[in-house]
Amino acid sequence: MAMAGLYRRVLPSPPAIDFASNEGKQLFLEAIQNGTMEGFFKLISYFQTQSEPAYCGLASLSMVLNALAIDPGRKWKGPWRWFDESMLDCCEPLEKVKAKGISFGKVVCLAHCAGAKVEAFRSNLSTIDDFRKHIMACTTSDDCHLISSNHRGLFKQTGSGHFSPIGGYHAEKDMALILDVARFKYPPHWVPVPLLWEAMNTIDEATGLHRGFMLVSKLHRAPALLYTLSCKHESWVSISKHLMDDLPVLLSSENVKDIKDVLSTLLSNLPPNFAEFIKWVAEVRRQEENGQKLSEEEKGRLAIKEEVLKQVQDTPLYKHVTSLLLSEDSVYQLKAEMESSLTNVAASICCQGADIFAGRSGLSDRFCCRQTCVRCYRATGDNPATVVSGTVVNGNGNGEQGVDVLVPTSQAKTSCCSSGQNGCSPMHPGSNDVLTALLLALPPQTWSHIKDMKVLQEIENLVSAENLPPLLQE
């Protein structure tokens, strides 16, 4: 029986110029001489073909993340940490991407989640002149890469929306090199920048929004996320609806007459499963990888987390939240749900870590933590570093491994603590830290229904990002 199939496509030329053609090679050589191919060599070292017809966004991003040497912090296969399309699933389920593709905004979201610095520009909010400036900046450097989101139809190619990295620029001819990740379909090719801009200045029918481009670069310091919202948890929809829709209505009550009333209204009405919504992000490692000594990189990441935690606790808002948690019986249960001893928290994290190292994320019930030990390491001139070491066994009881949890140390007296060694009393983020961070992150319109103008002004001053230190603003 006959089987239908396609083997590549003929690249419509013009408007595109095949990278491997004589003209394409000449453009390449001239661009190298002019210094606008600097990003090409990193990208070509990690150039990959998308593994699914609709994975262009995922392939483009994983290629750029690897070119930037960003550590995903989790394994790909074997012992290797490496970005692959299959790992980029936190903002959109892979099955959905496979069936329908992925939007511009979700690719931006994925880049942020992967630990990159991202600047996104939709075509209706930018200009072709700005686009040229960004192409020039990225192609004369190897620490920033540009991913375009465009419509293939403008190039007379088959298909519609597509993502690919820009590998170079020929300034005199005003042409950009598209490293097409659909290599089974079209080869890399040069296109005129005005036409590329026109292809980006189109509407994505799935979202009704303009396409555009994004600049992806490496953060100047190691990413040190302290909290995350658990958007995969089943409570996501109900809790986000409560915070966005219900809370403003509750705050419109005539009984909200001061800051204590505002915070009490918020904390007393949180859904019962709120503790599963916002998570403390704990870093884990195998004990045998680094022994008991923290690397400079690990100490650097911990130092940033601790500074974030300290800045949260230095805000006037934190003092209001802490005072309320100490005085209000109505929020005591919430506090109890969110607090747990460091060793209990670490035991759970050690099991999750063992699960990640085994490549079976989400199946942590296969492991249990036999014991934990809190240690504080202090080097000359350094702040103490808290590490919780756990011995984890699998469900069959026939294998064990050591897992370390690196803990940001909080000096706040109101945080839950666990006694350590060497005179150190390590603290981990507590409910007052979590709730303060949440309040700072809520959108400004949350408070707009407060009727008392004095109270409204006071809460807006407390949560305003402009009044926060730069690190906490980020």
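A pocket, as the word is used on this tour, is an open set of grid points, on a 1 Å grid over the protein atoms alone, with protein on both sides within 12 Å along at least five of seven lines. The model on screen is a predicted one.

Begin with the second largest pocket, which holds about 720 Å³ of space. If you colour the lining by residue class instead, you will find 10 nonpolar, 13 polar and 10 charged residues.

Next, display the strands of the open sheet, seven of them in the order β1-β8-β7-β6-β5-β11-β4, with antiparallel pairing. At the edges are β1 (17–18) and β4 (116–122), each of which pairs on one side only.

Zoom in on β7 (residues 175–178) and β8 (residues 189–192), two antiparallel strands joined by four bridges. Selecting M175 leads you to P192, its bridge partner in β8.

Select helix α3 (residues 56–67), which touches β4, β5 (144–151), β6 (161–170) and β11 (212–218), and whose direction makes about 40° with that of β6. Finish with helix α6 (residues 128–139), which also packs on the sheet and is in contact with β4, β5, β6, β7 and β11, its direction making about 140° with that of β5.

Key:
Residues are numbered from 1 along each chain as its sequence is written. This is a predicted model: local features need pLDDT of at least 70, side-chain atom pairs count only at pLDDT 80 or more; totals for chains, interfaces and linings use all residues. Side-chain values use heavy atoms; hydrogens and water are left out. Two strands pair if DSSP finds at least two bridges between them. Contact means heavy atoms within 4.5 Å. Axes are lines fitted to C-alpha atoms, for helices over the stretch in contact, and angles run from 0 to 180 degrees between N-to-C directions. On a 1 Å grid over the protein atoms alone, a cavity is a set of points where a 1.4 Å probe fits but cannot get out, and a pocket is an open set with protein on both sides within 12 Å along at least five of seven lines; lining residues have an atom within 4 Å of a point. Grid points are joined across faces, edges and corners, and a volume is the space filled by probe spheres set on the points. Ala, Val, Leu, Ile, Met, Phe, Trp, Tyr, Cys and Pro count as nonpolar, Asp, Glu, Lys and Arg as charged, and the others, Gly among them, as polar.
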